[in-house]
Structure formats: C-alpha cells, structure tokens
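Here is a short tour of one structure, written for someone meeting it for the first time. Keep the sequence and the 3D view open while you read.

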Amino acid sequence: MLRDKWHLYVLTILFLSVLTFRLFFSLSIPGFTGDNAYATLRQVDHISEHYGIMLYDDLSYGGRELLVSPLFYYFLTFSRFFISETFVFKILPEVLLSLLVVVVYFITYELTKEKGSALIAALLSGFVPLVIGATLNSLSSYSLFFLIFLMLFFFLIKINQGELAYVDWFVFLSFLLPLIHPGALIFVLALIFYWILILAESSSLKPVTTELVLFSIFLVSLVEFVIFKEAFLEHGLSLIRYNLPSRIIEDYFVEFSALSLLYSLGIVSVILGCIGIYIALFKTKSYNIFLFIGLILSVLLLLLLKLVDFSIGILFLSISFPILAGFSLRYIYRYLSNLRFSRTILYFNVLLVFSILLFSVLPSYTTAKSVIHYGVSEEEIRALSVLKDLPQGIVLADLEEGNMVNYYADKKTLLDRNFLLISNANFVVRDAKLIFLGSSDLLTSQRIANNEITYVYFSFRTKERYNSTTFLYSENTQCVETLHNETYQIFRVIC
Amino acid sequence: MKPIKFSELSVDYLFFGLGLLICIAVLGFSNFSTDYLVGDESYLHLRLLGSGDYDPLSYGGRSVDYPTGFGIVLRWFTFLFEPVLAAKVLHFTLGILSFTLFFFILRKLTLLVEEKRLALFFLVFSPTFIYLFSFSGSFSLAIFLALGSFLLLLYEHNALATFLILLISYVNVYAVFFNLILLFIYAVWNKKSVKWATLTFLLSIFFTMYLYGLELGYREPVYLSELISDFGGEYGIAFFSLILSFFGFMVIWKRPYSKFFTYGMFTLLYLLLFFYSWILFYFIFFLSLLAALGLYEFITRRWESTLIKHFSLLLLILGVLFSGISYLERVDELGPTAKMINAFSVLEEFPKYQESTIFSQVSRGNWVSYFTHHKNFADTNYLNAPYSYTRLDDHNTLLFSGNENEVRDLTVDYNIQYIFLDGEVLNILLESGRSGILEVLDADPTLYTLLYEGDDVQLWRVNP
C-alpha cells in the first residue's frame, strides 16, 4: 500500500515544503511586496463596500479610468466573508501558487508515465526563482491564473487521451481564465501554435480537441474584447503589453542579461527543458508535449515583437520549462539504464538533486529574502500614516509604489504601473524620473509645477533605483519642506 | 386547416426582408444618430456640391482635377433636404440599394441558400459596411455602381454594365482601377466575356486618364490595426468575421468552384489591403460570403460534443454582433466630434487675413475648410493636389520636428495664420514621448498665442 502511493506522500511533502517556504517569508512582514498587491486590496475594499468593481480610480494618476479582469477580486472578496483577512490575503494566494507543484506533477506524469520524473518536475516548478520573485507575498492574480492555466493544459492532455469526462471541466475553466487575467490570450496563442506544430508533423488533432481549441479561441477573444474594448480601440494590438511606455520597455531589456535570465529561470530547468524540446521535436511522437512547446513559441513570438511585458513573458516561460525538464528526464533515465555502469542512475540523481538545491532552491531563497526586503514594513506603514493625515494633493512616489501610497495614505498619486488608457505615460514616467534625479533645480521645479505635485515620497527603494541618498531637489531649495526624515522620507512642496 | 407551405423563393425573400429591416435599422442609426455629418470626404463634396472648376480653400487653392460625381448627386438631394441631411440620406439610400443588389447577386451565385442568407447578415453587421454607407463619401456611390455593373454582367447585359463602369470614373478614380482589375479576373474565369472585358478595361482606363491624368496621388500607409475594427480601425473588418472567413476559405477549397477566380480574387484583395485600406470596401462583400460559408460549415459539421458546439456558435454570433454594435456605439467619436465643431466655430469668428491658411493635421483639412471657410494647409483629397508630397513633408516637419526655426519658416512660407490641434495629434505626440509642435508653441508667447483650449482641442494664432 505504502509502496504504491509513495509518490503521493512525496508530492504532499513537496507541496508542504513549498507552502512552508512561501509562508515563512510571506508572514514575516505585515505588508506586501509590489504595488500590484495594493491595487488588488483597493479593488477588494471597493467591492466589499459597493458590491461592484472600481471602474474609475480617483487616486491613481490623479484620477483615471480602470479596465480590469474582475474575477480574482471577486474571489478574494467572497473568501473574505468567510475567512480572516490574513488567510485570504497572505495565505490563500501562497496555497494556490504551491498547488502548482501538484498540477505540474500530474501533467508531467501524464506526459511521461513516470513518477520519478514527474516529482523532479514538481520540485523544479516549486522553486523557480523568477516565479518566487514575481509572486511571493504579492497578492497576485497569477496565483489563481496559473493554477487554472495549467489545469486547462492538464485537462486537454486527458481529453487527448480519450477521457471525455474532462470536457465539461475544460469548458468551465475556459470561461474563468479570461476573467482573471488578460494573459489568457497567451493560452489561445499557445493552442494555435500547438495546432500548427501538430499540422507540421503531418498529423491532425482529435475532433474533440479541435472543437475545444476553437471554442477557447472564440471565448477568450470575445471576453477580452468585451472587457478591454476601450483599450483595444485606444491602443490597438499594443494593448497586449498594457500600453507600457517605451522607456520602461527599454529598461527591461537593459536590466536582463542572458546569464541573469538563466539564473532566474533556474539553470537545471532550462537545460533539461531544452533537451526536452529537442527530444519532443526530433525523437518522439508524443504530441501532448507540443502544448508546452507551443506555449514557449507563443511567448517568444510576443517577446520578439515586444508585444508583452518582458517580466510577464518570462514568467510564462518559467512555468513551462520544469514540465519539459520532467519530460526529458524520462528519456535520460532510459538512456542511463542502458549503460553498463550499475549505479549511473543513482549518481545522476544525486547530481540532479544537488544541482536543483544549488541552482533552484538556493537562488529561490535569496530571491525570497530580497522580495521580503523590498516589502512594506511596519516602519513604512507608520511613515505613510503621516502622509494620510495631511490635506489631499498629488504625491510623487516611485512607479512601483503608486497604489501603495493610494492604499495607506489615501492620497492621489502621479503614476503607478498600470498604464492602460494613460495616453501621456511616456511623459509622466520621464518627468517622475527627472524630478527624482533632480539634476537641474529650474527644470525640476517646472516639472513639479506642471504635474501639480504637492508631496514627494522618497523610500529606500527610490533611493536604490536612482542611486541617491536623499531627494536632491530638497537640499537646494527653500520650496520643499521635510515632513518625515527617516528611511522613508516625505516632502511637501510649498512654493 | 391546410398547413402553410413556403416555397424556397418566398423563404429567400422573407430572409431578404428581415435583412433589409435590420439594414434600415443599422444604417438609420449610424447615419441619423448625430446632428452633424461624420466622416471626412463628404465635407469636401458638401462644400462644393460638384460645381466649379476651382477650389479656393483646399491646399491653399487648387483646380478641381478630381471626380465630383458624388458632389453632383449630393446637389440633387439638396433640392429636397438641407445639405447635411442630404448627405446622410444619400449614404443611407445607397446603402439600402447596395444591400438589395448584393442580395440579387447572391441569388445568381452557385452557393447553398443557407450560406447566401447568412451572408446578408454578416454584411449588415460589419463595421466596414456601416462606415461605407454612412460616412465614406464617394466610395458609397462607386461601390453601388460597381455592384450594379456586376449584377448586370451576371444577367449578361454587358453594354449597360460598361456604362455603369464608365460612370465610376466620375465618382472615384481608385474605385475605377480596382473595379477593372476585378472585372478582368472575372472575365478570364468566365471565358465568355474576355473580349468585352478587354474593351471595357481599355475604354475605362483611357477615359479616366483623359479626365484626371496619370498620377494617382499620395498613398497613405496602412497599419494592421486599422484593418480590424475591434483593434480601433475606423472602418476595419470585424475580428470574428475574419476568423470565420478563414474557415470559409477552407470550405471553398473543398468545393468544385473555380480556384482561379476565388483564390485569384482573394490573393489580389489581400495583397492590395497592405497598400490601400479602402480595399476593405470591396473586401467586405467577399468576406461576408466567406464568413457565411465558415459559419454554415460550423453549424453542419459533425461535432463530438454538442455542448461545445452550442457554446461555440453562440460565441461566434455574439462576437459578430458585438463588433457591429460596439462600432455603432462609437460612430460619434469618429470625427468631427462636437468638441471640434465648437472649436471651429470659435475660429470662424476670428479675423481672416487675405490668403491666410489654417494648419491642421491632413485628416482634418476638409473639416477646417468646411466649418471655418479658411484655406486648409492640406487635406486627404490627394489626387492632383498641388505639390502634395512637399506639403505632406512640411506637414510632418511642422508637427513633429520641434525645431523653432523650421516651424517659423514654414508658417511664413505657407502664410499660416492659425494652428488647429486636436486629441489625435496630441495623443500621437504624447505616446511617442515627443513634444514636437507643442514645445515650439509653448516656447515663445510673443510668436504664438493660445486662442482656445477645450477638451482635446487647441487653437493657436501665429503672430505676425
């Protein structure tokens, strides 16, 4: 009995390890990391109060229209009626993200029919530094999105294997996916590439799979068109990258080197994943793996055309590589078992586990520490409460802090990371940067006046970003009054 | 009691009647929901009504070396209605008549009756059709004549067809050339009418060249997002109709139709789309047919799961309806908007120096001249426009260079007295992160004075 289900026990341990790892960091600070978490909190508060999504935000960009995929916010609000806030905002997203390990296990098992390979894939997926960096303690809609995203792939594989009971589930989850995040378009694109790859192999999809693929394309397109209609009309196809200003896009491509990318994705995942792609394309006729190659191709295409935010694109890549890695392991094990040395597999396993610890778990740990370091601490909440007691005015905070200031200080902000429908995003980003750098007093004062800025919030994150110890402009002029002068500085513009 | 039996013919007319009612409702809404006229070219014809040899306001003054047929027909309508209403009624009438012609053309084609009926509905709900017969100007008349000539051809009234084709030369030059290419492909396929087609082709070409010369004028670049209405295209096709048309394309492959005609036609339309966005006005009739073939294939094919079948069909129908309805919802944003018209009325009250010009984006040129009675710098009527390429280069320099001296020199050269900027150009500048002309206008208040600033509209005076 125990021997039959050993893999389930290992999987449970793996799930609990990942969850513990995440919760250990997530619960260590009272606030969240990343501005997006606070945008979510504000939406949830709004729904609790008005029973509807916030479509106009008085505080962001001094007042702007919002277009959002609403389901995740409703899900959190609904959960909050029954469970404590700490559980809903801090623990629930981490549970959902840890469940990815379980889904990856079952997907890889269906692809390989080998428990060992599937467990390694699950382990790899639990400790991808980039995923940890993007999702830990961030109350991100990706927690629910990626779970459903991968479950859809899993159901499709099962349906391909003839288990038609999963069709209804696939249809149901297809409805949910575009309501959680516009990344559902990547799912559609991945299915299209999957179809193309199958056709390229002179094969064809099963009739039911064809129907599901078509259905998903129609459904996701229609739902996204309805939700983001105005943005499609305003930004056209570049909506996919959320109207990201060219300055920000350039910054991303400068920040990422090939080596750091390899490190973030997990070296073991990438190497084994690439081997998996090679095997899938040239050595086997296992068409289900094409789903994940299709996903990689679709993301690479979007990245190449700069149609997707770099960090989001890479996030999608990072969840597909562990599965491909698991797929390749099956063939590596087979190859090794044919060698004459009796203990080759054992040595390989030791090397593999050691590599995973070194290149996935350890980088995940350092990434998690960094995530928590950049999170909102008690001290920062106290500093922002100073700002809350002041009269209303526009606050200049860093790009990554806009919603946080909205949430804690209840003040209007000049900018945040949501650029959708903001036509002058390029100018605002440029002005914010130049004001923080404060290289010319005259130009800085002009820019402050043009943007009607009343307060400046200068956190340690802003200091690090602009490599500055203080807000330079405050030192050279009498027009700025210091309201809070610790790690988190607050200034008021008085003339 | 005897059960009522419907013949195939009466069912056909029943569907046509239903389609016509929807067409009347859709075009009625798009044409008459605003007090003012939407669109660009109609304002040119509304101003001149097809009369005169010289236009003193376009491009600072030019001779009328372009087709004025639409303006002449519009003048006839102004005997019955006031000018703006006349333009709307003309578009509306041409739309209804073209829809009827399309129905009779479909009846002559060897397709399944269900597919023909579906095609009518795809056409009515397509944003391109709505734009064509609400705001497009001369293209509405040109397409109507083209459909008429094609129907006559199908009924083998070749002489009458030739007459209509020659009439198109008086309406729209671009439509003439494209119409002739389609005609030629049809004739080669049909084999019976090759001689006639060659003769008509040559006659029409020489006639058009005789009237307007050889130069077709400046060609505006085409962007992918312009071709699809749901991505913001002004008269793009509906996304879901496009998807269905791909399936329709595959259906045609399996049927014993002439591959030469269908694929030749589509390849041509598809290629030309990348050069001229107005090709969509022709494309939409073929696309409606293809989308209908695609949808009918979806309905009749054997599905493994009826649940997915029903959901997919529902989504497709909703998608097509969504594109059409959301397009109707934004017709008043296509321009000129009420805000722009307000701004123009302000400008009309300011002094007009002799020979002075108003600078605006090219796409606003016809509006500037119609509403303010001032000379425009340039407009979209490029055919035989004087020094159009130089003017368009200078137009871009003025808007985007941000160079004070260059801007000043050009305002003097072209005698520009006022500068009109609206949301579109401001957005282009903002999104590109460039200040362009805004920086120049802001730089020295003695040189440029802000006369009016409304929502998304700015009017500047160039001080002498």
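Ser312(B) lies in helix α15 of chain B, residues 306-329. Helices here are DSSP runs of H or I with at least four residues, strands are runs of E with at least two, and both are numbered from the N terminus. Ser312(B) is buried, at 0% relative accessible area. Buried means under 20% relative accessible area, exposed means over 50%, and partly exposed lies in between (1.4 Å probe, protein chains only). Setting aside neighbours within four places in sequence, Ser312(B) contacts Phe215(A), Phe218(A) and Trp303(B). Contact means heavy atoms within 4.5 Å.

The model is predicted: local features need pLDDT of at least 70, side-chain atom pairs count only at pLDDT 80 or more, and totals for chains, interfaces and linings use all residues. Residues are numbered from 1 along each chain as its sequence is written, chains are lettered from A and ligands numbered from 1 in the order in which they are written, and side-chain values use heavy atoms, leaving out hydrogens and water.

**Val188(A)**

Turn to helix α9 of chain A, residues 184-200, which holds Val188(A). This valine is buried, with 6% relative accessibility. Val188(A) touches Ser216(A), Ile217(A) and Val220(A), not counting residues up to four places away in sequence. Leu443(A) is 255 residues from Val188(A) in sequence and 47 Å away in space, C-alpha to C-alpha.

**Sheets and strands**

In chain A, 5 strands form an open sheet with mixed pairing, in the order β4-β3-β5-β7-β6. Which strands stand at the edges? They are β4 (412-413) and β6 (480-485) of chain A; each has a single partner strand, so one side of each lacks a neighbour in the sheet. Two strands pair if DSSP finds at least two bridges between them.

Strand β5(A) is largely enclosed by the rest of the structure, because 5 of its 6 residues are buried. In chain B, strand β5 (residues 416-422) is also largely enclosed, since 7 of its 7 residues are buried.

| Strands | Sense | Bridges | One bridge pair |
|---|---|---|---|
| β3(A) (394-396) and β5(A) (453-458) | parallel | 3 bridges | Leu396(A) and Val456(A) |
| β3(B) (357-359) and β5(B) | parallel | 3 bridges | Thr357(B) and Ile416(B) |
| β5(B) and β7(B) (457-462) | antiparallel | 5 bridges | Phe420(B) and Leu459(B) |

**Surface and cysteines**

Now the surface. Tyr51(A), Phe78(A), Phe81(A), Phe82(A) and Ile83(A) make a nonpolar patch of about 650 Å². Patches are made of residues with over 30% relative accessible area and no salt bridge; like charges are joined within 9 Å, and nonpolar side chains (Val, Leu, Ile, Met, Phe, Trp, Tyr) within 5 Å. A salt bridge is a side-chain nitrogen of Lys or Arg within 4 Å of a carboxyl oxygen of Asp or Glu. Phe81(A) belongs to helix α3 of chain A, residues 71-82. Phe81(A) is exposed, at 54% relative accessible area.

How many disulfides are there over all chains? The count is 0, where a disulfide is a pair of cysteine sulfur atoms within 2.5 Å. Cys274(A) is partly exposed, at 39% relative accessibility. Cys23(B) is buried, at 0%.

Technical notes
Accessible areas come from the Shrake-Rupley method with a 1.4 Å probe; for residues, only the protein chains shown count as cover.
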